[in-house]
Amino acid sequence: MFRNVLLGLALVPALGVAATPAGRWQGVVDIPGRPLALIVDVAQDGDGRWIGSVIVPALGVKGAPLANVSDDAGGVAFDLGRLLASPAYGPATFAARLQPDGAMAGEMRQAGNVAPFTLTRTGPAQVEPPVRSTPVAADVAHAWHGDFELTGYPRHVTLTFENHAGGGATATLLVVGKATTAVPIDLVVQEGANVRIESQAMGIAFEGRLDEAHAELQGTIEVGPIERPLVLRRESAS
Amino acid sequence: MSAAERLRTWRALAAILAVMLCGTVQAQSVFRADAAHAGVYAGSAPRQFHRVKWTFPTGGRVVSSPVYRDGTIYVGSDDGYVYAIGASDGRQRWKHRTGGPVASTPAIANDTLYVASYDGKLYALDAKTGATRWTFATGGERRFEAKGLHGFLPRNQTIADPFDVYLSSPVVAERRVFFGSGDGNVYALDAASGRAEWQFATGDVVHASPAYANGVVYVGSFDGDFYALDAATGRERWRFHGGQDPAIHNQVGFQSSPAIVDGIIYTGCRDSNLYALDAATGAEQWRYNASGSWINTTPAIVDGKVVFGTSDSRLFVVADAGTGKPLVQQQAKAYIFASPTVAGDVVLVGVLNGTLEARDLATGDVLWTFATDASRRNAGWALTSGGEFNGALLFSSLWREAPIVAAERQFDVGSIFSSPLVVDGVVYFGSNDGNLYAIE
């Protein structure tokens with residue numbers, strides 16, 4: 001009897017911890033024929049909002065942000081944002097319940113497929129902060145022009161940076177070839193003389209180095225798997 | 001019978017005799033039904049799916065297309081064997097081991113079966129017993145390869161193309177066997193002895209299958225050129241330049257085999273075009289452009305129409321043979337590499353998501369579909385619930401072997417690369433799940 005009371009007391013804090021989804025969770029999604037191992041970190045930020053990130057070794061993913069994390073009476077839900085998303089089916093979603101044994105069990109949906117998963121809490125959350133855009137230097141915050149060739153056709157590029165008070169810079173990228181494409185830019189980062197922009201949605205990136213005269217960004221543009229040299233000249237200097 | 005009628009009769013008989021003496025393979029016993037690769041079979045394919053008549057399991061992927069002769073189905077498998085299977089009962093009659101995957105479609109002429117293997121040899125076998133009559137060693141097989149192929153990384157790494165799945169299928173005419181090889185050559189061998197009569201060097205792998213018409217052999221190469229060669233001497237009559245892609249070598253090369261009807265050659269190309277060329281001169285008549293999507297299927301030609309499929313854009317196309325203008329364009333659920341087969345008013349199309357589609361020739365509408373066992377299993381969610389490839393999950397990286405593995409996982413859903421055969425209303429085709437299916 002005494003032994004049972006001790007056991008019961010020992011379980012109380014464990015059950016208490018299990019009532020929150022906060023923590024690092026590790027487990028497997030039982031995709032038929034190819035189980036998918038993952039690690040999920042879930043925590044609350046300073047404003048009490050749920051945030052998280054995910055590690056999927058089989059997909060080469062470390063610290064991708066979770067989106068739409070919610071906790072409702074023992075039910076936990078989140079999605080993977082752009083990771084594993086498709087236009088037709090939307091994001092990969094997870095819906096689970098915290099189990100009496102402390103596990104998080106539920107279903108993953110991706111591309112219309114559904115599979116069960118079970119995650120076990122392995123420790124405190126280690127949510128990876130998302131990469132954020134930085135401001136760019138005043139002599140970068142201009143419009144830049146350049147040309148490159150892709151699959152035998154010339155393309156004209158206009159890249160325009162804009163700083164915003166108290167936040168990171170934004171950029172617009174216009175590519176004029178056989179068609180005119182406005183490329184959505186997710187990330188703008190300047191580190192010293194190096195400037196990088198990324199469009200995850202379109203798989204396009206430019207990385208260049210500001211020359212000493214601050215008149216050119218000399219670098220490369222990546223369009224999917226193809227990399228091409230690209231020199232951008234500042235509008236006022238061109 | 002008038003003198004003119006007698007003359008016509010004698011000419012007809014002489015033509016039939018000439019064909020018999022030349023040993024040109026008969027319809028159904030060669031890739032795409034005949035030496036010209038029209039892809040049109042006698043009778044009609046079923047307009048409704050009734051049942052699986054039988055399934056013949058092999059030990060590897062069946063990329064090879066089945067052929068038929070005297071109640072027997074012949075097919076190669078990537079398990080390294082050539083199989084002879086009873087058409088009525090699906091039982092094995094014989095098998096013959098080669099030294100590598102048999103991703104080539106057999107051709108049968110005068111009771112001899114000819115087929116290429118990845119061991120770099122062409123095999124001539126007794127069609128009744130499978131016994132070896134002779135073998136011929138080429139300079140060796142290899143896949144199309146290039147640095148930074150398809151944008152795979154690292155860019156400076158030479159990468160073998162996972163989508164170069166076929167070997168060249170032989171064609172027999174004028175007592176010669178013609179076929180291409182990974183060593184870049186087109187070969188002509190004496191059909192009886194296997195002695196090399198000539199070889200013609202192209203600039204890269206030849207895995208397309210030569211077609212034959214009027215003393216000329218036609219075939220394209222992964223070097224981006226299409227060749228017309230004199231069947232007797234191997235001398236080049238003309239060549240046609242397809243597109244080039246020095247950046248990532250994606251939009252270059254003839255994986256499609258040609259079809260020849262009424263003096264016009266129809267061939268797809270990885271440069272995204274389907275070309276109609278004058279067989280005598282190589283002059284381009286028209287082209288259909290698929291906007292960046294490979295055309296790897298060998299077109300079927302029937303009643304003034306060209307029937308083909310595209311890869312990434314997943315289109316099933318019926319075009320006017322005279323102009324190339326599309327008459328029908330419908331989207332399949334996944335890439336189409338398998339050459340469409342026409343039997344009656346039905347077109348059969350193998351799709352890389354592991355389903356066989358039967359479509360109405362006139363409208364392109366789907367009459368029925370059949371999903372292979374592997375497609376239904378959908379291992380690793382290679383497919384979406386709607387049957388499309390699940391690219392978001394499959395292709396997570398372009399580095400090193402990752403895209404190769406992803407392509408292999410795509411093919412694991414029972415992808416159909418094999419061109420269907422129709423005999424007496426029964427449809428035979430191979431699948432990457434290792435099975436040869438007979439359905440009716």
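**Close-up 1. Antiparallel pairing of strands 17 and 18 in chain A of the predicted model.** Over 8 bridges, strand 17 (residues 216-223) of chain A pairs in the antiparallel sense with strand 18 of chain A, and one of the residues concerned is A:Q218, whose bridge partner in strand 18 is A:V231. The two strands form a hairpin with 2 residues between them, and A:G224, which lies in the turn, has a positive phi of about 60°. Strand 18, which spans residues 226-234 of chain A, also pairs in the antiparallel sense with strand 10 (residues 143-150) of chain A, here over 2 bridges. In that pairing, A:R234 of strand 18 is the bridge partner of A:W144.

**Close-up 2. An open sheet of 4 strands in chain B.** The strands of this sheet follow the order 13-14-15-16, and their pairing is antiparallel. Strand 13 (171-173) and strand 16 (196-201) of chain B are the edge strands, each of them pairing on one side only, while neighbouring strands of the sheet are turned against each other by 20° on average, with direction ignored. At the edge formed by strand 13, 3 bridges join this strand to strand 14 (residues 176-180) of chain B, and the two run antiparallel. Within this pairing, B:V172 has B:V177 of strand 14 as its bridge partner.

Close-up 3. The side chain of B:S77 reaches the backbone oxygen of B:G60 at 3.4 Å. When neighbours within four places in sequence are left aside, B:S77 is in contact with B:T58, B:G59, B:G60, B:R61 and B:V62, and also with B:Y83, B:P101 and B:V102.

**Close-up 4. The second largest pocket, with lining residues from chains A and B.** About 290 Å³ of space lies in this pocket, and its lining is made up of 16 residues. Those that lie nearest the centre of the pocket are A:R34, A:A58 and A:L59 from chain A, together with B:L393 and B:R409 from chain B. Helix 3 (391-394) and helix 4 (402-411) of chain B each supply at least two residues of the lining, and helix 4 of chain B gives the most to it, with 4 residues.

Conventions
Residues are numbered from 1 along each chain as its sequence is written. Chains are lettered from A and ligands numbered from 1 in the order in which they are written. This is a predicted model: local features need pLDDT of at least 70, side-chain atom pairs count only at pLDDT 80 or more; totals for chains, interfaces and linings use all residues. Side-chain values use heavy atoms; hydrogens and water are left out. Two strands pair if DSSP finds at least two bridges between them. Axes are lines fitted to C-alpha atoms, for helices over the stretch in contact, and angles run from 0 to 180 degrees between N-to-C directions. A polar contact is a pair of N or O atoms within 3.5 Å; within protein, one must be able to donate a hydrogen and the other to accept it, and residues adjacent in sequence count only if both atoms are side-chain atoms. Contact means heavy atoms within 4.5 Å. On a 1 Å grid over the protein atoms alone, a cavity is a set of points where a 1.4 Å probe fits but cannot get out, and a pocket is an open set with protein on both sides within 12 Å along at least five of seven lines; lining residues have an atom within 4 Å of a point. Grid points are joined across faces, edges and corners, and a volume is the space filled by probe spheres set on the points.
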